[in-house]
Amino acid sequence: MAELIFALLSLAALFALAMNRAPLWAWAAAIAVFTLSLQMGLGSGHLHAPVFNVWAVLGWLAAGGLFALTFPRLKHDYVVMPAYRALKGAMPTISETERQALEAGTVGWDAELFSGTPDWSRLRRVSPITLTAEERAFLDGPTEELCRKLNDWRIRHELHDVPEDVWRFVRDQGFLGMLISKEHGGLGFSAQAQSLVLGKISSRSPDGVTIVMVPNSLGPGELIEKYGTEAQKAHYLPRLARGDEIPCFALTGPFSGSDAASMRDVGVVTKGWYEGKETLGIELTWDKRYITLAPNATLLGLAFRLFDPENLLGRGEDVGITLALIPTDHPGVEIGRRHLPAGAAFPNGPTSGKDVLVPIDWIIGGKERAGQGWRMLMSCLAAGRSISLPATGAAGAKSLLRATTAYARIRKQFNLPIGYMEGVEEPLARMVENAYGLEAARAVTASMVSAGEKPAVISALLKYMSTDRMRQSVNDALDIHGGRGICDGPSNYIQGAYQMVPVGITVEGANILTRTLITFAQGALRSHPYLFTEIEALQDPDQDLGVPAFERAFDGHVAFTVSNIFGALFHNLTLGAFASAPPNAGPTRRWWKQLARASRSFALVADATVALLGGGLKVRQKITGRMADALTELYLLSCILKRYEDDGCPRADLKLVDYCAENCLYRFDKALAGTLDNFPIRWVGLIMRPLVFPYGFARNPASDSAGKAIVRAALQPGEFRDRLTRDIFNTDDPSDRVGLLEHTLIKVIAAEDADKKLERAIRKGDVHRYYNNDWIAEAEKKGVINEDEARMLAEVRDLTARVIAVDHFDLADVSHRQPAERGAPADFAPPKDPIAAE
């Protein structure tokens with residue numbers, strides 16, 4: 001027994017030293033005490049004179065070696081410098097554009113997750129959804145009115161354009177200047193308010209939201225507000241806020257998509273004539289495509305690489321990526337014909353120019369900002385990517401859920417609402433989970449941006465997660481609606497979202513590359529507590545400065561690694577029982593603990609992945625993609641737990657939080673297991689696997705019964721369903737395509753008892769339900785139901801028929817061919833051109 005107690009105490013001491021990052025002298029002292037204790041027989045309970053053997057010698061050598069390393073010179077010569085020389089060529093190099101991208105954003109909660117020991121207070125300090133009275137009034141007033149003006153079918157099919165009355169309304173109400181400060185004539189709204197406004201509009205019309213989103217996302221307005229000269233701010237910002245100027249921003253070209261830094265568009269500093277006098281200017285040549293709002297734009301923001309062969313700016317020949325403002329009516333500016341991205345109707349098209357001379361003062365920020373364009377872009381993108389697409393992704397998931405739960409409760413097959421069928425429950429449960437989780441992540445991230453953060457890593461993972469999971473919700477909604485979802489027309493409330501999903505997947509960095517090259521590959525550099533400092537020190541050409549900086553970071557990194565090895569093993573062996581949780585965590589305490597446990601495992605694998613793969617990390621994109629997935633699940637679970645608290649811990653939502661948490665952790669384990677199973681250095685993967693999965697792959701996704709519970713709750717009108725689908729456009733007007741669903745849902749539920757009586761009579765053969773027979777009248781006549789019930793059921797029958805009906809058209813109404821091409825009579829009169837009629 002004494003030997004067992006001694007072994008357990010020794011093991012506990014070992015874990016305590018490692019997990020608390022004990023200094024070298026503490027390790028040396030502990031090993032010395034342990035060795036001496038074994039020599040004297042303390043573990044056996046019988047003390048005697050010290051006995052020397054092989055283990056004692058090894059113990060004293062280890063203690064002596066560690067003690068020797070407490071002397072700075074010895075550690076420097078025999079540990080630091082060998083590591084410095086070994087890593088100098090192995091660690092990834094950081095290009096100037098990568099450096100600017102990394103330094104542009106801020107780190108926050110992502111760094112806590114990378115640390116393995118997240119500080120819960122940092123997450124809890126993020127504000128819940130908070131709007132000023134002015135912001136709330138705008139969301140409930142002009143935004144609601146705009147939603148009512150947006151006719152999705154008319155926009156994307158009849159006009160294939162956003163009509164002028166909508167443009168006029170968004171200009172007059174200030175929608176285009178939400179991010180522009182009040183000082184310069186804008187609304188000066190918070191990121192949270194912008195996110196909610198964009199989300200609500202997108203729940204009504206994906207095309208309609210785009211014309212509001214772009215001016216309030218990465219574009220001239222934000223760039224001028226942050227970096228423009230005083231003259232540029234005074235001239236352009238009020239005009240942009242009023243909608244006198246319609247902006248677009250041209251970044252992407254045929255050969256520079258996700259790799260925007262490789263752009264071939266160039267400007268050459270030169271002297272030329274402008275407005276009758278010689279001026280210092282730039283001769284520009286560019287070819288851009290996929291530029292949203294370009295067909296309507298009056299002001300073009302342009303990214304190009306600036307060269308100065310005569311060194312007129314005094315910065316050498318290759319000045320770097322630069323941004324300029326160019327009126328689209330300036331001589332030489334070409335706005336091409338329109339693209340049709342996925343058949344969507346928002347204005348999008350190419351722009352080009354050849355040898356276009358513009359004054360040097362048209363650089364955003366003036367000539368002092370020449371060459372700083374990439375840093376400016378990345379700074380704005382770090383914040384902007386956190387707002388627009390996450391807002392539309394979350395709103396899309398919520399609006400699709402609201403419509404689909406109504407439809408699944410109204411539509412019956414086999415005398416049962418299809419939402420009660422297990423085959424339909426499964427995709428519905430995914431839709432519920434996506435709606436809750438995406439709204440949680442959207443709200444938390446928008447609050448971070450409102451507080452001044454620019455979360456580069458979080459914005460990247462949120463963009464790819466929100467757009468991808470909205471795609472999942474669209475597909476699930478289509479599966480549940482069947483033929484009702486695929487037949488397009490004025491009553492189809494899914495097709496617009498279905499068409500727009502690929503656009504969201506593609507823009508602001510294609511999801512494939514955002515996931516595999518940015519979220520983890522760059523995220524590890526930015527969020528790891530020591531890695532970026534080490535790489536900077538290794539790349540420092542001045543070794544006298546680089547080595548001391550490397551030594552400080554290296555010391556911390558070694559302690560960090562040892563702590564993660566023992567910390568991950570300890571928490572995984574104990575199943576997170578001793579992991580940290582925030583105070584007053586209540587019924588979600590177990591999930592906070594599991595999140596802390598998972599963070600330890602992630603920190604261990606992430607650290608090993610970056611340290612051992614080094615410069616090869618960029619080409620190991622399957623590995624970085626899986627690690628990005630793991631980080632995404634940690635962030636999503638963090639936001640879900642935060643949302644539950646911010647919403648006041650509603651008891652009805654707890655079953656949904658449990659459901660989401662189980663699935664997040666299951667997907668996290670799956671991503672980490674995939675990384676370890678495919679780790680390029682095979683023996684490292686084999687060593688790490690028992691540290692992360694000491695009992696094997698143990699977690700399971702949420703159960704079928706748990707899925708049933710959340711779906712049944714979502715199918716029931718009330719507070720739970722309203723919270724799930726908050727802050728989207730909603731109406732119960734039966735003349736509206738989504739209002740008809742809400743109106744009918746209430747009627748269907750009210751008529752359920754009467755409907756059961758009728759169904760029993762039909763099954764018995766007492767009432768015959770055929771088109772040539774009024775079965776409701778027959779049931780009333782036979783006393784199965786009373787007069788009021790018959791009236792109610794007749795109304796439900798007619799409303800249900802409208803809900804499940806699909807649109808149909810004459811060929812002449814949908815064909816773009818001329819009458820002769822369709823074989824129509826020569827005197828055939830085609831329908832009026834809706835655009836001309838507009």
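By class, 16 nonpolar, three polar and eleven charged residues make up the lining of the second largest pocket, where Ala, Val, Leu, Ile, Met, Phe, Trp, Tyr, Cys and Pro count as nonpolar, Asp, Glu, Lys and Arg as charged, and the others, Gly among them, as polar. The structure is a predicted model, in which local features need pLDDT of at least 70 and side-chain atom pairs count only at pLDDT 80 or more, while totals for chains, interfaces and linings use all residues. Residues are numbered from 1 along each chain as its sequence is written, and side-chain values use heavy atoms, with hydrogens and water left out.

The volume of the second largest pocket is about 970 Å³, a volume being the space filled by probe spheres set on grid points that are joined across faces, edges and corners. A pocket is here an open set of points on a 1 Å grid over the protein atoms alone, where a 1.4 Å probe fits, with protein on both sides within 12 Å along at least five of seven lines, and lining residues have an atom within 4 Å of a point. Of the 30 residues that line the second largest pocket, K412, D755, E759, R769 and T800 lie nearest its centre. Two or more lining residues come from each of α17 (388-410), β8 (412-413), β9 (416-417), α33 (752-764), α34 (775-781) and α35 (787-804), and α33 provides the largest share, seven residues.

The chain as a whole holds 37 helices and nine strands, taken as DSSP runs (H or I, at least four residues, for helices; E, at least two, for strands) and numbered from the N terminus. Of its 838 residues, 54% are buried, that is, under 20% relative accessible area, with exposed meaning over 50% and partly exposed in between (1.4 Å probe, protein chains only). Among contacts (heavy atoms within 4.5 Å) between residues at least 6 apart in sequence, 76% join residues at least 24 apart.

Strand pairing, which requires that DSSP finds at least two bridges between two strands, links β2 (residues 266-274) to β3 (residues 277-292) in the antiparallel sense through nine bridges. Within this hairpin, which has two residues between the strands, E275 takes a positive phi near 50°. V268 has E283 as its bridge partner in β3 and stands opposite F307 in β4, the strand (residues 299-307) that runs parallel to β2 and is joined to it by three bridges. Nine bridges also connect β3 with β7 (residues 348-359), again antiparallel, and I282 stands opposite V358 in β7.

T322, in strand β5 (residues 318-327), counts as buried because its relative accessibility is 0%. Polar atoms of the T322 side chain lie 3.1 Å from the backbone oxygen of G320 and 2.9 Å from the backbone nitrogen of G371, polar contacts being pairs of N or O atoms within 3.5 Å in which, within protein, one atom must be able to donate a hydrogen and the other to accept it, and residues adjacent in sequence count only if both atoms are side-chain atoms. Beyond its neighbours within four places in sequence, T322 is in contact with L302, A303, F304, L306, I363, A370, G371 and G373.

A608 lies in helix α26 (residues 589-613) and, with 14% relative accessibility, therefore counts as buried. Its C-alpha lies 8.3 Å from that of T561, although A608 and T561 are 47 residues apart in sequence. With neighbours within four places in sequence set aside, A608 is in contact with L613, F679 and M688.
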